[in-house]
Amino acid sequence: MNNKEYKGVFVFVEQVEGIIARVSFELIGKGRELAKELNTQVTAVLLGDQVEPLTKQLATFGADRVVMVNDSALAIYMNEPYVRAMQAVVESYQPEVVLYGATAIGRDLAPRVSARVHTGLTADCTKLEVQEETNHLVMTRPAFGGNIMAAILCPEHRPQMATVRPGVMKCCEAREGAECVVEDFSVEGLADGKNVEILEVLKKVSEKMDIMDAKVLVAGGRGMGCSENFTMLNELAEALGGTVAASRAAVDAGWQEKACQVGQTGKTVRPNLYIACGISGAIQHLAGMEESDLIIAINKDETAPIFEFADYGVVGDVCKIIPLLTHAIKLCRA
Amino acid sequence: MNIVVCVKQVPDTTEVRLNPETGTLIRDGVPSIINPDDKAGLEAALRLKDQYGARVIVVSMGPMQADDALREALAMGADEAFLVSDRAFGGADTWATSSTLASAIRKIGDLAGVDLIITGRQAIDGDTAQVGPQIAEHLGLANISYAEELKVEGNAVIVKRQFEDRYHMIKAAFPCLVTALSELNVPRYMTPGGIMDAYRNKKVTIFSRADLDVEEGNIGLKGSPTRVFKSFTKAVKGKGTVIRLDAAESADWLVERLQEKFII
């Protein structure tokens, strides 16, 4: 089939227990922009069990249409039923572009869907644009551990598929009361598994604010030295109305939980203020926070790469400076 | 039990730095290592060997120098290694890479029978996390990604599969594929005896283009649906202000900066 016959920007909507992941709204927002340039519409693909009530939100945040696959086999994410459902949707509707969030689900689902329909997939895109002359999707992503950027094309295969990390694109504004077409799409045989079963679902319990929502982040790295020293970071974060984050080194050392990890294999954040304490500033960490409005770094090593990127850098002992800083801030606010 | 572990030799990208003046990468002297997620997968296989006497076969697709990575795997305890190497395989994206590796695994499977395939979640140079699931797709097997824990029960594997805010305990019957997180374990060191064994007694077999039954349209640059249009280094942000004062002065200086920016 001719590439020109593929039309439409489709977005896989990730939902767990009836809650739509924010990245899906971000991608519908971006999808709208791309659809406008491609002279087409953005369609949200919603998979799950009894997920009809969710279609309204999708309309509110920009979907022109929802294709919904409602099936008990899709109640909890499992690779094979979800791949089969997406494959059926893609083969039936033949979209030009399909976007997925680069999440633990998206990065498991998208590779198999793209392989099953024999097309290209570009992971962790930070930029998506339409190339003027050709109307091809130009997908830009970090490569070589985040040290360089690569612009990727999928010129001969359709659909062009891409995953995008949460927090990279922006949701479009809520259009209260908006409605869109909802198409019910059924797929046969979704329950035919590949001898895989879920024995148990274990939830991680966390009472902390999601670091992606925080306007101020106080992040600790290997230079903090030990788990106990994170208490002073907590106090500083509180004084500034923010929350604590961590580099991969601190998480691997067991000083903070993975949900706090910023970086290439952690979360991408863009707070107003990011204070990096005892963090050397490896490229993989920067990839997760370089879009912060203001970056402050405190590290006793003056050659630490983070000083090349921080707006304000302080060479010194973080364990001495942080308590004094917290105290001074509290005085200002008193 | 026969386990195939896919490993990739990668430059240690955590050691790569940017030259702040030119904005280019300093690649000299960056060591080549076994990709960390893959090494954890290898360690998991070796533990199954310790426990059940499983046979561990390592496979890598790469240039001839990837032999070093395979020897390291053999020195850690793997039984046999295959290096998939040919100019024809070069320039491959994940579709072509996974097609090539799948055909190599199929060939190994014809010889030995494969129960479990373990790959790393993602490589630190490509970072796509696509090859593992795509190999499973080409082989028609189930894949369980993001394994934080892995054990075998009878003819099945039980995996603690990581998501952002929860885990699924998943049971999958053999044969299947699992992608490993580096959190899975702490890999063992090679032993001096292991190193000698790796070079003297164990085999690295090379699979070239002629050895593999894979379609021409699925390998190498020509077989890749995606291609790099251009690559560039990120714009260097430009250094800010760095000071070195005593602790109290540093704290005061920072407070002044925060006040200037209306944060406090």
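These exercises work through strands, sheets and helices in the structure above.

The structure is a predicted model, in which local features need pLDDT of at least 70, side-chain atom pairs count only at pLDDT 80 or more, and totals for chains, interfaces and linings use all residues. Residues are numbered from 1 along each chain as its sequence is written, while chains are lettered from A and ligands numbered from 1 in the order in which they are written.

**Exercise 1. In what order do the seven strands of the open sheet in chain A stand, and which stand at the edges?**

Step 1. Strands (E, at least two residues) and helices (H or I, at least four) are DSSP runs, numbered from the N terminus. Two strands pair if DSSP finds at least two bridges between them.

Step 2. Read the order: β7-β11-β6-β1-β4-β5-β12 in chain A, with parallel pairing.

Step 3. Look at the ends. β7 (121-125) and β12 (181-184) of chain A each have a single partner strand, so one side of each lacks a neighbour in the sheet.

**Exercise 2. How many bridges join β4 to β5 in chain A, and which residue stands opposite T43(A)?**

Step 1. β4 (residues 42-48) and β5 (residues 65-70) of chain A run parallel and share six bridges.

Step 2. The residue of β5(A) opposite T43(A) is R65(A).

**Exercise 3. Trace the pairing of β10 in chain A.**

Step 1. Start within the chain. β10 (residues 148-153) of chain A runs antiparallel to β9 (residues 137-143) of chain A, with five bridges. M139(A) has I152(A) as its bridge partner.

Step 2. Check the turn. Four residues lie between β9(A) and β10(A) in this hairpin, and F144(A) in the turn has a positive phi of about 55 degrees.

Step 3. Cross to chain B. β10(A) also pairs with β14 (residues 227-232) of chain B, antiparallel, over five bridges. Here A150(A) stands opposite S231(B).

**Exercise 4. How do α4(A) and α4(B) pack?**

Step 1. Take the geometry. α4 (residues 106-116) of chain A and α4 (residues 131-139) of chain B pack at about 40 degrees, with axes 8 Å apart. Axes are lines fitted to C-alpha atoms, for helices over the stretch in contact, and angles run from 0 to 180 degrees between N-to-C directions.

Step 2. Classify the angle. Under 35 degrees is roughly parallel, over 145 roughly antiparallel, 65 to 115 roughly perpendicular, and the rest oblique. α4(A) and α4(B) are therefore oblique to each other.
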